[in-house]
Amino acid sequence: MDRIHITGGAPLHGEIPISGAKNAALPLMIASLLTGETVELANVPRLADIASLLRILGNHGVDHMVVGKRPGQTTETGQTIRLTASNVIDTTAPYDLVSTMRASFWVIAPLVARFGEAKVSMPGGCAIGTRPVDLLLMALERLGATIEIDGGYVVARTRNGLRGGEISFPKVTVGGTHVALMAASLAHGTTVIENAAREPEVVDLAACLARMGARIEGAGTPRIVVEGVSRLGGARHEVLPDRIETGTYAMAVAMTGGDVVLRDTRADLLHSALDVLATTGTEVTALPDGIRVRRNGAGVAAVDVTTDPFPGFPTDLQAQFMALMTKAQGQSRIRETIFENRFMHVQELARLGARIRLEGDVAVVEGVDRLKGAPVMATDLRASVSLVIAGLAAEGETVINRVYHLDRGFEALEAKLGRCGAAIRRERA
Ligand code: EPZ
């Protein structure tokens, strides 16, 4: 298995291009199942999770074509993928495919909405805590689907098509909102989604569905109204920038010091995280096509943070922020409210010399003057990248094992950081 070696201590200077958002690209690709016409997605990141989903969609019979690169494009300018679900041959998503990526469970919504049946393996447990699908199934039931659990599979069926209904989520769920939006778009009548997720990726999915002919109002607010249509058509859509990748590199710069422009991204996608960074003493400036992040001289101030659904501080940046706080001046309390077990990075950060103790859903981080490189490994994507951030500021060498987690969600990580002066290299297995 590949490893990443980092020798810490170098400040970051330069430019980092931000890729399209993985967590927007995945539901957008799944939405292609809603129509027999071609959905063309631009700015799709080159990531292991995207390749896995292409395999899953291919198993249903979706054709895909990756459009060739144009002159001047590099491997980091996202790819354009055309997806055509005109000949769906199988409405079953088997265990061995779904278990590789939880988001693939969401295929249940377009399959049952368009074909009246779907059989999708229950997603497995996950290193960041139990992640049930009860709310996703509740949403489909509200639209008239019958749900059965059979041999580890969820079987969703409808006789005469889905019909609009009231879906009120007791808890904000991104996946639940994606599922509700896709299913309601092809249901007969009106659906009202209350307590909907407001994440930018939900807004991006709604925008693409609207281009396909869906009638959706209120995406980005807690109340979304969908007027179902009988068929959807093809569309071209550009995936929005990855706000978590943006925030990750912003925190890396805050950690090492330096001056970096994060290009092709938008400050409005992560205001709360940028506000927190500014409070740590990092200079953050919104630019017309990106964000400039600078920290010179002075140390990092300790700040308390609580994760929340958008527009709050994202859980997907919690581990990275904790890495930053390990060298802050003073104590920071980081509360995780979305996933109950998302602190697997704590023990690995401790291997680098971080002082962190857990008090229930709060990690109390006492800033230290220095971190020292060590071999580490992580069990999920964001936890892995928090170790990269810590390694960039640790003395000596940090070796990160199980790099495949990083490859699921960070495109060209070593190249992007390396060009800004980081001493980082991949050792291929
Ligand atoms: C999405 O997961 C993201 N994944 C996650 O990013 C992200 O951490 C999460 O949203 C929260 O922002 C993708 O977009 C592919 P949820 P999702 O449904 O949709 C509970 C990453 O690192 N819940 O919003 O699966 C759930 O347990 C990943 O890129 C239920 O109780 O998350 C959690 O506590 C990790 N029942 C809370 O809701 C349900 O049926 C929010 O989960 C569904 C969810």
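Within the area that domain 1 buries against domain 2, Phe310, Arg408 and Glu411 supply 37%, more than any other three residues.

Please keep in mind that this is a predicted model, in which local features need pLDDT of at least 70 and side-chain atom pairs count only at pLDDT 80 or more, while totals for chains, interfaces and linings use all residues. Residues are numbered from 1 along each chain as its sequence is written, and side-chain values use heavy atoms, with hydrogens and water left out.

Domain 1 covers 3–15 + 242–427 and domain 2 covers 24–237, with bounds that come from an automatic or database domain assignment. Their C-alpha centres lie 30 Å apart, and 21 residues of domain 1 are in contact with 19 residues of domain 2, contact meaning heavy atoms within 4.5 Å.

Now to the helices, which are DSSP runs (H or I, at least four residues) numbered from the N terminus. Helix α10 (residues 318–325) packs with helix α12 (residues 381–393) at an angle of about 25°, their axes being 8 Å apart; the axes are lines fitted to C-alpha atoms over the stretch in contact, and angles run from 0 to 180 degrees between N-to-C directions. The two helices, α10 and α12, are therefore roughly parallel to each other, a label given to angles under 35 degrees. Among the residues making this contact are Ala319 of α10 and Ile389 of α12.

Notes: Parallel < 35°, antiparallel > 145°, perpendicular 65-115°, else oblique. Buried area = accessible area lost by both parts, 1.4 Å probe.
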